[in-house]
Amino acid sequence: MTDPQAKDAARREARARRDAIADHDRSTASAVLRDRIAELARDGHLPRGAAGGYWPLGSELDARPALLHLKDLGHSVGLPVSGPRGTALVFRDWDPQAPMTAGRYGIREPAEGRAILLPSLLLVPLLAFDRSGHRLGYGAGYYDRTLDGLRAGRAGAVVAIGVAFAAQEMPAVPVDGHDERLDWIVTERETLRILK
Ligand SMILES: Nc1nc2c(c(=O)[nH]1)N(C=O)[C@@H](CNc1ccc(C(=O)N[C@@H](CCC(=O)O)C(=O)O)cc1)CN2
Ligand SMILES: Nc1ncnc2c1ncn2[C@@H]1O[C@H](COP(=O)(O)OP(=O)(O)OP(=O)(O)O)[C@@H](O)[C@H]1O
């Protein structure tokens, strides 16, 4: 297993880079992400069915314009609900008009009672990525467990798209055996297909 300190150091470095991005560049990146997701959809790379997104936290790239576009295309879109550490994420149907609540870690999530979705497409937040599709998150393992579960249940049919600023790229993210790889990475600069 990778030294946990190596992952923590990589997290700190990636976090500092993400925090340093200017507001103007953030809104541009958000719009470019939407356009790149639209292009992937037009080119037939996105599975039908529900998509899972995320409500932006801290300095993360805001994927909401991309998620609203997916809704316009007819996908239902869910946002993650975090249970206790050690569990997989559950996705609740997101309607911008419907009530939200503050969940664990203070992240906004659709209120209880909204339908649970099983996404075949996931937009995945991250702190750092590399070109072989490895990602580093906050270190609770939520997305590894979630992808593991969805991939086991659907014979690999889930498409995972990492969403990041180009500045979050590292030459090689420290990895462990349980780390699930991404299928695509979209930044403001490129749409990167991960070959496996
Ligand atoms: N926007 C967003 N939503 C998401 C995730 C994410 O990475 N981004 N998650 C991805 O897994 C899940 C939540 N995972 C989390 C795991 C750990 C911590 C955490 O340890 N937070 C620290 C403070 C973080 C900080 O500000 O640096 C804490 O609460 O002490 C937060 C979220 C589900 N929803
Ligand atoms: N599929 C899994 N089954 C069991 N344990 C797992 C699994 N995936 C991850 N873990 C455990 O979860 C913890 C955190 O994993 P890791 O450091 O890879 O998180 P991360 O990918 O950075 O965070 P996140 O996925 O929450 O954004 C580790 O202790 C790891 O052993």
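A contact here means that heavy atoms lie within 4.5 Å. Keep that in mind as you go through these views of a predicted model.

View 1. Among contacts between residues at least 6 apart in sequence, 68% join residues at least 24 apart. The C-alpha atoms fill a box of roughly 40 × 35 × 35 Å along the principal axes. What radius of gyration does the chain have? The answer is 16 Å, which agrees with the value near 16 Å that a compact globule of 196 residues would have.

View 2. Buried residues make up 51% of the 196 residues. The side chains include 27 positive and 26 negative ones, and the centres of these two sets lie 2 Å apart.

**View 3. The largest nonpolar core has 43 residues.** Which residues have the most contacts inside this core? They are Leu33, Ile37, Leu70, Leu123 and Ile161. Several elements each supply at least two residues of the core, among them helix H2 (23-42), helix H3 (64-72), helix H4 (142-153) and strand E10 (159-163). A second, separate core of 7 residues includes Ala14, Leu136, Met170 and Val173.

**View 4. Now zoom in on Leu33 and the residues it touches.** Leaving aside residues up to four places away in sequence, Leu33 touches Leu61, Asp62, Ala63, Ala66, Val163 and Val186.

**View 5. Leu126 sits in the loop between strand E7 (121-125) and strand E8 (128-129).** Is Leu126 buried or exposed? With a relative accessibility of 4%, Leu126 counts as buried, because buried means under 20%. Beyond residues up to four places away in sequence, Leu126 touches Arg18, Arg135, Leu136, Gly162, Val163, Ala164, Gln168 and Leu182. Leu126 and Asp25 are 101 residues apart in sequence, and their C-alpha atoms are 18 Å apart in space.

**View 6. Tyr105 lies in the loop between strand E4 (100-102) and strand E5 (108-110).** Most residues other than glycine have a negative phi. Tyr105 is not a glycine, yet its phi is positive, at about 65 degrees. Its relative accessibility is 42%, so Tyr105 counts as partly exposed.

Key. Residues numbered from 1 in each chain as written. Chains lettered and ligands numbered in written order. Predicted model: local features only at pLDDT ≥ 70, side-chain atom pairs only at ≥ 80, totals over all residues. Heavy atoms only, no water. Rg over C-alpha atoms; globule rule 2.2 N^0.38 Å. Buried < 20%, exposed > 50% of the residue type's maximum accessible area, 1.4 Å probe, protein only. Lys, Arg positive; Asp, Glu negative; His and termini not counted. Charge placed at Lys NZ, Arg CZ, Asp CG, Glu CD. Core = buried A, V, L, I, M, F, W, Y, C linked by side-chain atoms within 4.5 Å. Helix = DSSP H or I, 4+ residues; strand = E, 2+ residues; numbered from the N terminus.
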